[in-house]
Protein chains: 2
Amino acid sequence: MRFISQTSSDGVTEQLFTLGEIPGVLWTPEDAHGPRPLILIGHGGGQHKKAPGIAARARRFAAEGGFAVAAIDVPNHGERPTDEAFDRIAAEYRARAAAGQDTAELDTALYTLVVGQAVAEWQAVLTAAQQLENIGGGPAGYWGVSMGCAFGLPLVAAEPRVGAAVLGLQGAPVLAEAAAQITVPVQFLVQWDDELMPRAQSLALFDAIGSADKTLHAHPGKHGELPRFEADDSLRFFARHLG
Amino acid sequence: MRFISQTSSDGVTEQLFTLGEIPGVLWTPEDAHGPRPLILIGHGGGQHKKAPGIAARARRFAAEGGFAVAAIDVPNHGERPTDEAFDRIAAEYRARAAAGQDTAELDTALYTLVVGQAVAEWQAVLTAAQQLENIGGGPAGYWGVSMGCAFGLPLVAAEPRVGAAVLGLQGAPVLAEAAAQITVPVQFLVQWDDELMPRAQSLALFDAIGSADKTLHAHPGKHGELPRFEADDSLRFFARHLG
């Protein structure tokens with residue numbers, strides 16, 4: 001993990017880093033010393049590691065929860081090179097979703113193309129971050145919705161170091177198998193009027209999650225309209241399970 | 001409002017009262033002076049104003065939130081005389097529900113029999129309680145699930161003094177009309193494996209609520225298995241909207 005820059009504001013230190021070919025960012029409470037839980041935040045499709053919603057959430061988790069928070073550009077996003085096959089399927093996905101058509105086949109294609117790499121990269125970031133003096137080897141959490149949930153479900157299923165996850169805005173049937181393997185506490189977010197994810201599919205994916213301790217939070221509104229107070233719930237959920 | 005007894009423990013004062021023929025209980029923070037929001041708690045079918053889940057929740061709302069909390073025995077419950085027609089339908093309801101049979105007709109019959117009285121009684125209690133020096137005429141909240149939701153939906157729809165409500169464990173189609181008239185913030189609780197309320201009906205009732213600010217919280221488990229941490233969410237919800 002090679003640190004490139006460091007800035008601090010409002011009590012939070014932000015460090016850009018690279019780990020091999022992965023560009024990332026780490027937020028910690030300013031002057032943090034000693035171990036603390038790490039929360040991984042997975043961005044949505046077309047976003048990147050410092051998208052406004054990602055950075056604002058990360059800063060709250062660090063400032064108010066005392067957590068360390070890491071985000072990376074997942075393959076084909078942010079500073080990463082684009083893969084032609086991925087871009088082609090993603091463009092077709094957006095067109096079909098916007099037209100209200102079924103995207104199950106494209107979901108599966110996209111997922112199959114990058115899920116292995118995405119999970120391996122998150123695991124490498126987790127391993128590297130846990131070497132840091134102000135993080136250490138304690139429990140980790142994962143927050144990711146939409147595409148961040150598509151990669152988060154198999155990560156949380158595969159990775160025993162992740163002890164709690166906030167997921168959602170997702171209902172692709174291809175994810176049910178990973179969901180069924182999850183046993184840690186999950187908070188699953190659904191937008192009741194999501195124009196990209198059919199409500200019944202989202203509820204079915206929540207249903208598929210294997211955890212005994214799982215909670216569905218649904219709010220009116222479209223895919224991009226998660227209410228601001230939901231960030232409070234995420235913070236308390238992580239404090240309860242990782243604190 | 002005639003007070004019958006007063007005891008205090010763990011920082012909370014509990015006063016039994018009658019208002020006409022209505023037996024009730026009022027919880028306030030010990031030595032509370034000046035105005036504070038009042039939360040009305042409606043108990044479930046077969047329960048009463050001091051059922052363990054009701055009293056424990058009320059004490060938390062008073063001790064941790066600084067709220068005043070009132071509960072009453074609704075008609076045909078607790079110390080109230082029983083009505084033969086109500087008892088007959090309620091017994092048939094329990095038998096049909098236990099057998100997994102449709103209860104829509106009986107829901108409607110029970111509801112029609114007592115809803116007008118229940119709403120009028122809650123309104124009278126609210127009016128009387130707001131005369132008290134340590135409550136005053138500020139905003140009120142309502143918490144009620146199962147039968148407490150069946151009476152709560154029409155109360156919240158009819159009563160402009162109620163500014164926020166936690167409802168749920170309920171899906172009777174007869175309630176959709178009252179639900180549609182509600183405009184205040186609502187948190188609606190669903191038990192994902194509710195053996196008394198079909199999941200699709202519960203989700204349809206949430207869908208019917210007219211409020212722009214409404215949130216569904218669903219958890220695995222049966223009708224009686226609301227997780228303990230949900231009380232934290234109720235407390236924060238009321239603090240956010242009535243505080």
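Visitor: At what angle do helix H3 and helix H4 of chain B pack, and how far apart are their axes?

Guide: In this predicted model, H3 (residues 104–129) of chain B packs against H4 (residues 147–158) of chain B at an angle of about 50°, and the axes are 9 Å apart. Axes here are lines fitted to C-alpha atoms over the stretch in contact, and angles run from 0 to 180 degrees between N-to-C directions. Helices are DSSP runs (H or I, at least four residues), strands are E runs (at least two), and both are numbered from the N terminus.

Visitor: What makes H3(B) oblique to H4(B)?

Guide: Under 35 degrees would be roughly parallel, over 145 roughly antiparallel, and 65 to 115 roughly perpendicular, with the rest oblique. The angle of about 50° is therefore oblique.

Visitor: Which residues make the contact?

Guide: H3(B) brings B:Tyr111, B:Val115, B:Ala118, B:Val119 and B:Trp122, while H4(B) brings B:Ala150, B:Phe151, B:Pro154, B:Leu155 and B:Ala158. Contact means C-beta atoms, placed from the backbone, within 7 Å. By class there are 10 nonpolar, no polar and no charged residues. Nonpolar covers Ala, Val, Leu, Ile, Met, Phe, Trp, Tyr, Cys and Pro; charged covers Asp, Glu, Lys and Arg; the others, Gly among them, are polar.

Visitor: Why is A:Gln170 counted as buried?

Guide: Buried needs 20 or more other C-beta atoms within 10 Å (12 or fewer is exposed, in between partly exposed). A:Gln170 has 28 such neighbours, so it counts as buried. A:Gln170 sits in the loop between strand E7 (162–168) and helix H5 (176–180) of chain A. Among the residues it touches are A:Val145, A:Cys149 and A:Leu205.

Visitor: How many residues of chain B are in contact with chain A?

Guide: 10 residues of chain B meet 10 of chain A. Strand E9 (residues 214–219) of chain B gives the largest share of chain B's side, six residues.

Visitor: How are names and cut-offs set?

Guide: Residues are numbered from 1 along each chain as its sequence is written, and chains are lettered from A and ligands numbered from 1 in the order in which they are written. Because the model is predicted, local features need pLDDT of at least 70 and side-chain atom pairs count only at pLDDT 80 or more, while totals for chains, interfaces and linings use all residues.

Technical notes. Contact = placed C-beta atoms within 7 Å. Lists of a residue's contacts leave out its neighbours within four places in sequence.
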